[in-house]
Amino acid sequence: MHGLNGLGFAKPPAQTRVVVAMSGGVDSSVVAALLHSQGYEVVGITLQLYDHGAALHRKGACCAGQDIHDARRVAEAVGFPHYVLDYESRFRESVIDRFADSYLAGETPIPCVECNKSVKFRDLMATAQDLGADALATGHYISSRALPNGRRALYRAADPERDQSYFLYATTDAQLQLLRFPLGDMPKSETRALARRFGLAVADKADSQDICFVPNGRYADVIAKLRPGAAQPGEIVHLDGRVLGRHEGILHFTIGQRRGLGLSTGEPLFVVRLDADNARVIVGPREALLTRAIGLRDINWLGEGAIADLPPEGREIAVRVRSTRAPKPALLRLSDGKPEVLLPEGEEGVAPGQACVFYDSTEPCARVLGGGIIARRVAAAMPARPQAAAAASG
């Protein structure tokens, strides 16, 4: 079967213990069943990440009460041990609180990246090692392969529609040596077919959607509950300096947003910047969204050497600035010692707080070289009206 030949264990399956992170969905369930069918000693672990109240218990979520039940049913049916670990406090501190604070700072965070980095691949991996596991396997659509030097590297999934490398760029080199992703070479249709072949009760279960702790996708409602009174009303300002209206808090807006601005100007306007310090939403024409350069922070480098050793002229790579976009050519360089990405073709809707993920090419199955959090964007040059610079700089 696909995905199993590249697991890279020195010991035979019967002597190899693999902890499988089971979310209760079809993907991780298939991973557990596959490994068990091949003779591996499988231990399933499901994380309880947040309160299972009615507001969060909904179809399309993950890590809810029903999901824990589904994971347990799969383990019992296939025949391997399964444990539920209470990680609520860790998840709240490492993911939910940071999510709320980032939004209030005018960013558009990706909690799934932080969850993988700080909870699943750090805390859960430590638990797996405490259990004497040789590896931690997940149902993510991404590949891990051995390099000539024996170390393992990340690669985009074979199915570009399912590739989850954008959310896993922060995986460290040390973690990669213990992680396995058996579904990296499979299309989703094959995963479903295997689930039916194994007789798994979750074979036709819907995929998880949106952010697990955000009911109905309404981020502002969750942040208002987490940080009551933190939303600060302010002005909606055009790039040319005109005050066009008022808002009830920048947490209600994201870069690139057009609908819901509450403006009647006769021209299509988009959110081009969020000025948290002054509680201002900066709007402008669509061309103001075009970005040519990105400043980064919190870099995770998975290429050879160190990012500080980049040549003076930089390195040609490919990048993704949104999970739904294909990689585009870019230049990674150091500017005053800080990582910067140049985008020859430009990108629209680049938002601080989002990830910029590095690849060695734009090709399918390209190697993941790491990435970082977008700290700032440099807009492409465009004709400016009077007072535009003052309004934009804040």
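# Notebook: barrel, core, rings and cysteines

The model is predicted, so I kept to its limits: local features need pLDDT of at least 70, side-chain atom pairs count only at pLDDT 80 or more, and totals for chains, interfaces and linings use all residues. Residues are numbered from 1 along each chain as its sequence is written, and side-chain values use heavy atoms, with hydrogens and water left out.

**Entry 1. The barrel**

I looked up the strands next. Helices (H or I, at least four residues) and strands (E, at least two) are DSSP runs, numbered from the N terminus. Two strands pair if DSSP finds at least two bridges between them.

In what order do the six strands close into a barrel? I read β12-β15-β14-β13-β16-β17, with antiparallel pairing. From one strand to the next, the twist averages 45°. For such angles, axes are lines fitted to C-alpha atoms (for helices over the stretch in contact), and the angles run from 0 to 180 degrees between N-to-C directions.

I then went through some of the pairings.

- Strand β14 (residues 328-335) pairs with β15 over five bridges, antiparallel.
- β12 meets strand β15 (residues 338-347) over four bridges, also in the antiparallel sense. Here Gly295 has Glu340 in β15 as its bridge partner.
- Strand β12 (residues 291-301) is joined to strand β17 (residues 368-379) by eight bridges, and the two run antiparallel. Ile294 has Arg377 in β17 as its bridge partner.

I noted a general point about strands. In a regular strand the side chains alternate between the two faces of the sheet.

**Entry 2. Positive phi values**

I searched for positive phi. The hairpin of β14 and β15 has two residues between the strands, and Asp336 there takes a positive phi near 55°.

Ala279 has a phi near 55°, a positive value in a residue other than glycine. I found Ala279 in the loop between β10 (270-275) and β11 (280-284). For exposure I used these cut-offs: buried is under 20% relative accessible area, exposed is over 50%, and partly exposed is in between (1.4 Å probe, protein chains only). Is Ala279 buried or exposed? Ala279 is buried, with a relative accessible area of 4%.

Asp298 has a positive phi near 50° and is not glycine. Asp298 lies in strand β12. Its relative accessible area is 48%, so Asp298 is partly exposed.

**Entry 3. The nonpolar core**

A nonpolar core is a set of buried Ala, Val, Leu, Ile, Met, Phe, Trp, Tyr and Cys residues joined through side-chain atoms within 4.5 Å. The largest one here has 50 residues. Which of them touch the most other members? I listed Leu49, Phe91, Val119, Leu136 and Phe213.

Several elements each supply at least two residues of this core, among them β1 (17-21), β2 (41-48), α4 (111-130) and β16 (355-359). α4 gives the most, with seven residues. In general, nonpolar side chains tend to be buried together in soluble globular proteins.

**Entry 4. Aromatic rings**

Rings of Phe, Tyr and Trp (its six-membered ring) pair if their centres lie within 6.5 Å; planes under 30 degrees apart count as stacked, over 60 as edge-to-face and the rest as tilted. How many aromatic pairs does the structure hold? I found seven.

Tyr103 and Tyr219 form a tilted pair, 5.7 Å centre to centre with 40° between the planes. The pair links distant parts of the chain: Tyr103 is in helix α3 (residues 88-104), Tyr219 is in helix α7 (residues 219-226), and they are 116 residues apart. Tyr103 is buried at 3% relative accessible area, whereas Tyr219 is partly exposed at 28%. Ring pairs link Phe99, Tyr103 and Tyr219 into a cluster.

I also checked charges over rings (NZ of Lys or CZ of Arg within 6 Å of the ring centre and within 35 degrees of the ring normal). Arg90 lies over the face of Tyr87, 4.2 Å from the ring centre. Arg145 has its charged end over the ring of Tyr155, 4.2 Å from the centre.

**Entry 5. Cysteines**

I searched the whole structure for disulfides (cysteine sulfur atoms within 2.5 Å). The search found zero. Cys356 is buried at 0% relative accessibility. Cys115 is buried too, at 7%.
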